[in-house]
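Visitor: I am new to this structure and would be grateful for a guided introduction. May we look at it together?

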Amino acid sequence: MTEIAKLLPNIRDKQRKHKLESSRSSGAAAPIQSSPKVDYGRNPWDDDEDDPVIEKEYNRQFIESDGFDVDYFYLPYGDELVPHIVEDKYDYPYDVGLFSRLGLHCYNLDKGTSLKLAAINKYNDELRFTRCLYYYITLEAIDTSNNSLCNFQTCVFKDFLPDQASFVAQTEISRLKVPSGPRPPTYGGPERRWKENGVDDSYKGKMPKWFTKDEMAAISTKGQFYELQESELQGNEWLHMHAEFAFHYKWMAHETDLRPFLPLEIKKVFIQTKEESQPSMKLKANNAIFYIVFKGNGDPSGAPVEYQAVVRKTMDGIPGHICLEVDCLAYKSS
């Protein structure tokens with residue numbers, strides 16, 4: 001049992017006590033809001049026209065919750081969110097957990113916090129442009145600084161950009177849970193859109209290939225290259241998350257459960273960045289390229305395999321935004 005799992009019962013007891021005391025002191029229950037009656041079981045594909053009541057109710061739920069609290073609707077034009085309730089919030093799909101950790105990592109970088117994934121309550125997904133999948137994830141995180149639980153929301157999408165990188169995971173929202181209710185819509189707004197001019201041009205375009213020794217030597221003379229020490233590999237859990245994204249990408253088409261092959265063994269990490277002059281500070285750079293050599297605890301192929309991953313991390317300066325672009329090669333280890 002992990003340390004987080006041991007702490008959760010005590011934390012939940014404190015939260016239940018706090019909620020009970022709050023409900024006793026409030027004296028009155030919150031009013032129940034009414035909404036238009038919607039027949040959720042009816043399939044509008046049976047009709048010739050859209051149902052404006054259903055569409056209006058779907059749009060209201062989407063806007064008032066930013067996509068996190070939406071019932072299931074049949075929409076004839078497609079592109080609707082599909083909700084998923086996680087029956088056992090501690091046994092969630094591996095990829096959804098990976099995207100949740102990315103949202104938490106982004107928040108920790110923005111706020112200087114130390115939140116870690118504890119459980120996933122639910123998530124909604126939406127397919128756009130036939131290949132881009134959005135996840136709206138509601139989760140529980142533990143603040144390791146004081147062992148308290150908090151509710152968290154993150155919106156992450158994954159995409160495939162063959163002209164630039166093999167795989168992309170990017171957050172649009174990373175925040176403590178916000179109650180649903182009337183609010184200005186954020187969808188398509190500046191807080192959701194990626195700020196292209198917020199990232200230096202050297203971190204855009206086609207992904208770099210794995211470096212040769214001569215290339216590494218040339219870059220090292222400019223002070224942009226740094227090999228992490230063993231202590232730095234152990235003290236930064238998010239480096240393992242970077243490697244897991246590469247591992248996930250490599251085996252994604254096979255729908256293989258990768259958890260039996262974790263934790264990954266990271267053998268070497270090189271960081272390339274222009275932002276920090278001191279080698280030890282390069283880990284804190286908002287924009288950097290990571291060259292990672294790792295292997296699994298066994299391998300889905302059944303053979304002894306090591307992986308070379310190139311992970312480009314960028315942040316555009318907008319709170320809640322982080323992007324990982326990933327390429328990964330596998331080769332047999334000796």
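Guide: Two strands pair if DSSP finds at least two bridges between them. Please note that the model is predicted.

Visitor: How many bridges join strand β7 to β8?
Guide: Strand β7 covers residues 265-272, and its course relative to β8 is antiparallel. The number of bridges joining β7 to β8 is seven.

Visitor: How many of the eight residues of strand β8 are buried?
Guide: Buried means under 20% relative accessible area. Strand β8 spans residues 288-295 and is largely enclosed by the rest of the structure, because the residues that are buried number seven of the eight.

Visitor: How many residues apart in sequence are the parts that Lys122 and Asp69 tie together?
Guide: The side chains of Lys122 and Asp69 meet in a salt bridge, at 2.4 Å from N to O. Lys122 belongs to strand β2 (residues 115-128), while Asp69 sits in the loop between α2 (52-65) and β1 (82-85), so the separation of the parts in sequence is 53 residues.

Visitor: Are Glu244 and Arg101 buried or exposed?
Guide: Glu244 forms a salt bridge with Arg101, with 3.1 Å between the closest N and O atoms. The pair links helix α6, which holds Glu244, to helix α3, which holds Arg101, 143 residues apart. Both Glu244 and Arg101 are buried.

Conventions:
Residues are numbered from 1 along each chain as its sequence is written. This is a predicted model: local features need pLDDT of at least 70, side-chain atom pairs count only at pLDDT 80 or more; totals for chains, interfaces and linings use all residues. Side-chain values use heavy atoms; hydrogens and water are left out. Buried means under 20% relative accessible area, exposed over 50%, partly exposed in between (1.4 Å probe, protein chains only). Helices (H or I, at least four residues) and strands (E, at least two) are DSSP runs, numbered from the N terminus. A salt bridge is a side-chain nitrogen of Lys or Arg within 4 Å of a carboxyl oxygen of Asp or Glu.
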